[in-house]
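Please keep the viewer open as you read.

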Amino acid sequence: MEIKKTALAGTLESSDIQITLSPATAGGIQIDLDSAVASQYGDEIKKVITDTLTGFKIDNALVKAVDKGALDCVIKARTIAAAQRALEQTEPAWEVL
Amino acid sequence: MSKNNVGVDIPDSILNQYDYKPYAGAKLGNPVSQRVAPQVRAQFGENKVVNSIADVVKAEVKDGMTISFHHHLREGDQVFNEVMQVIIDQGIKDLTLAPSSLTNVMNDMVVKAIKAGTVTHITSSGMRGSLGDAVSHGALKSPVIFRSHGGRARAIETGKIKIDVAFLGVPNSDAEGNANGMTGDAAFGSLGYALMDAKYANKVVLLTDNLVDYPNTPASINQTQVDYVVKVAQVGDPDKIGSGATRFTKDPKELKIAQMVNDVITHSQYFKDGFSFQTGSGGAALAVTRYLRQSMLDKGIKASFALGGITKPTTDLLAEGLVKKVMDVQDFDKGAANSMHTNPAQQEIDASWYADPFNKGAMVDKLDVVILSALQIDTDFNVNVLTGSDGVLRGAVGGHQDAATAKLTIISAPLVRGRLATIVPKMTSITTPGESIDVVVTEIGIAINPRRKDLIDALSHIPGVPVFTIQELAAKAEAIVGKPKAIEYTDRPVALVEYRDGSLIDVINQVKD
């Protein structure tokens with residue numbers, strides 16, 4: 001699936017994560033992660049984002065993730081919201097949830 | 001390699017190079033030590049007042065010396081940066097920096113002094129921010145030595161820390177050096193930590209923005225100890241020295257923890273007339289004081305004394321007659337500082353009287369109940385208050401090890417902070433041994449140290465206070481945040497953590513980038 005436009009979900013509050021998705025034509029899913037817990041949970045955060053985007057069949061995307069200590073469920077929710085906005089989908093993607 | 005009493009492997013090379021014994025336990029027996037005395041240059045009424053820090057530094061500070069400061073001015077401190085800049089400018093090298101602690105406002109200056117070669121050794125209670133980051137990444141060649149407030153007093157008295165020149169900011173002084181912490185624009189209350197430096201440094205330099213008539217009373221530091229009085233524009237920013245009004249937390253998690261801490265105290269054998277206590281300055285600790293007040297009123301119980309770092313909720317109890325004496329080594333807010341000025345039952349005590357394990361009896365030995373915080377707690381009840389879960393220095397020992405020797409030591413901490421577990425199988429460093437810790441209180445319930453069978457009996461059936469094992473709490477935390485990747489370290493030590501008796505409780509290594 002092609003990302004149509006740059007979209008963002010989430011805030012910079014504690015325990016949240018802000019995900020910004022931008023179009024890319026190649027290079028797979030490239031994540032630029034900014035997190036205070038990157039050394040302990042960086043790989044896990046990137047895996048949740050990648051898995052969620054793969055669920056939308058997004059193959060190429062630039063992801064800017066500013067993490068403020070979000071749990072996996074929050075990371076997934078924000079990624080889904082950003083993906084739906086980027087794909088201009090208005091109906092919930094039930095199979096991804 | 002020697003394993004110390006909290007299971008830390010300490011390389012023999014470190015024990016030999018820095019002359020340490022591995023930590024052997026919190027029970028110290030009755031050690032006999034030899035005190036040292038400072039060098040004194042006699043004066044007979046000559047003028048001690050000088051207007052230039054540079055002149056004093058030029059006359060007294062030489063390469064390789066040990067210099068000290070206190071941290072009573074906290075984030076409002078303007079003395080440290082001014083003096084250090086002068087020392088850097090004069091090209092002095094290879095100093096040992098031995099302050100009572102380092103606050104955030106000093107961080108960048110210390111980093112600058114390290115880069116300039118001015119400071120090559122540090123001993124402190126703690127460090128954080130840009131300085132903690134720099135040191136954890138190997139900025140200093142020699143490891144920092146962390147000591148508790150009681151441990152620093154011991155080290156000064158026994159000559160392990162030999163202060164050549166102490167630079168002490170005071171909110172008032174007369175021309176001879178009689179000074180206290182209670183009046184003036186930069187008033188901060190107790191001078192508890194600085195009193196050690198005033199007593200044991202070879203040269204004592206007071207810096208003040210408030211020169212008052214001779215003789216100045218009450219004098220906490222007195223003229224028999226002081227070599228110079230330097231007049232400066234401002235020693236501290238009054239708005240940043242201590243928070244003006246202590247706010248009662250509205251955070252439901254903190255309130256829940258505070259309520260459970262209070263339940264633990266009031267259901268213990270120690271909650272009786274004449275008990276004594278110490279609380280910290282965090283939101284939960286302050287809330288505990290409020291709950292404790294109500295419990296004391298309900299049961300008609302009065303405390304004999306409150307100890308340590310003092311806040312307004314504690315001095316309110318003093319004013320109300322619920323606490324008979326406040327024994328005050330430092331004040332965390334203006335309310336507590338003002339109270340010391342007006343209430344004679346609030347006694348200023350020095351760090352040795354407060355917590356030194358090598359004197360003839362410290363006040364922590366008489367302490368019944370203490371509430372302390374933690375960055376991490378492990379499943380042996382050991383506590384870390386020095387390093388973050390990324391292994392980087394971001395805290396201070398403070399009086400943690402000292403006060404933890406109380407009869408009932410309670411650690412109050414949330415189960416998780418953001419994505420970080422507080423209760424973990426293995427911490428990034430050990431500050432206080434689990435042997436000293438009795439109860440851990442989180443928002444979901446408590447864990448009681450199995451060493452304390454009496455407390456398990458007393459505290460296992462409190463309504464609304466679920467009891468878990470510490471392993472269960474660690475598992476619940478991990479279920480929320482997930483399993484973290486282990487932090488990687490190099491084999492180069494960046495900090496040595498002393499126990500209060502001067503034995504080595506942990507070695508902190510440089511984190512890998």
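What follows begins with the whole chain and then visits a helix, a helix pair and a sheet.

First, some housekeeping: this is a predicted model, in which local features need pLDDT of at least 70 and side-chain atom pairs count only at pLDDT 80 or more, while totals for chains, interfaces and linings use all residues. Residues are numbered from 1 along each chain as its sequence is written, chains are lettered from A and ligands numbered from 1 in the order in which they are written, and side-chain values use heavy atoms, with hydrogens and water left out.

Chain B holds 16 helices and 28 strands; these are DSSP runs numbered from the N terminus, with helices being H or I of at least four residues and strands E of at least two. Its C-alpha trace spans about 70 × 55 × 40 Å along the principal axes. Of the 513 residues in chain B, 60% are buried, where buried means under 20% relative accessible area with a 1.4 Å probe, counting protein chains only. Among contacts (heavy atoms within 4.5 Å) between residues at least 6 apart in sequence, 72% join residues at least 24 apart.

Now turn to helix α4 of chain B, residues 107–115. Its buried residues are B:Asn107, B:Met109, B:Val110, B:Val111, B:Ala113 and B:Ile114. What lies over them? The cover includes α3 (79–89), β5 (95–97), β6 (119–124) and α5 (129–136) of chain B. From α10(B), B:Leu286, B:Thr289, B:Arg293 and B:Leu297 meet B:Pro313, B:Thr314, B:Leu317 and B:Glu320 of α11(B). By class, this contact has four nonpolar, two polar and two charged residues.

Finally, look at an open sheet of three strands in chain B, ordered β18-β17-β23, with mixed pairing; two strands pair if DSSP finds at least two bridges between them. At the edges are β18 (383–384) and β23 (423–424) of chain B, each pairing on one side only. Strand β17 (residues 376–378) of chain B pairs with β23(B) in the parallel sense over two bridges, and B:Ile377 stands opposite B:Ile423 in β23(B).

How values were computed:
Buried means under 20% relative accessible area, exposed over 50%, partly exposed in between (1.4 Å probe, protein chains only). Ala, Val, Leu, Ile, Met, Phe, Trp, Tyr, Cys and Pro count as nonpolar, Asp, Glu, Lys and Arg as charged, and the others, Gly among them, as polar.
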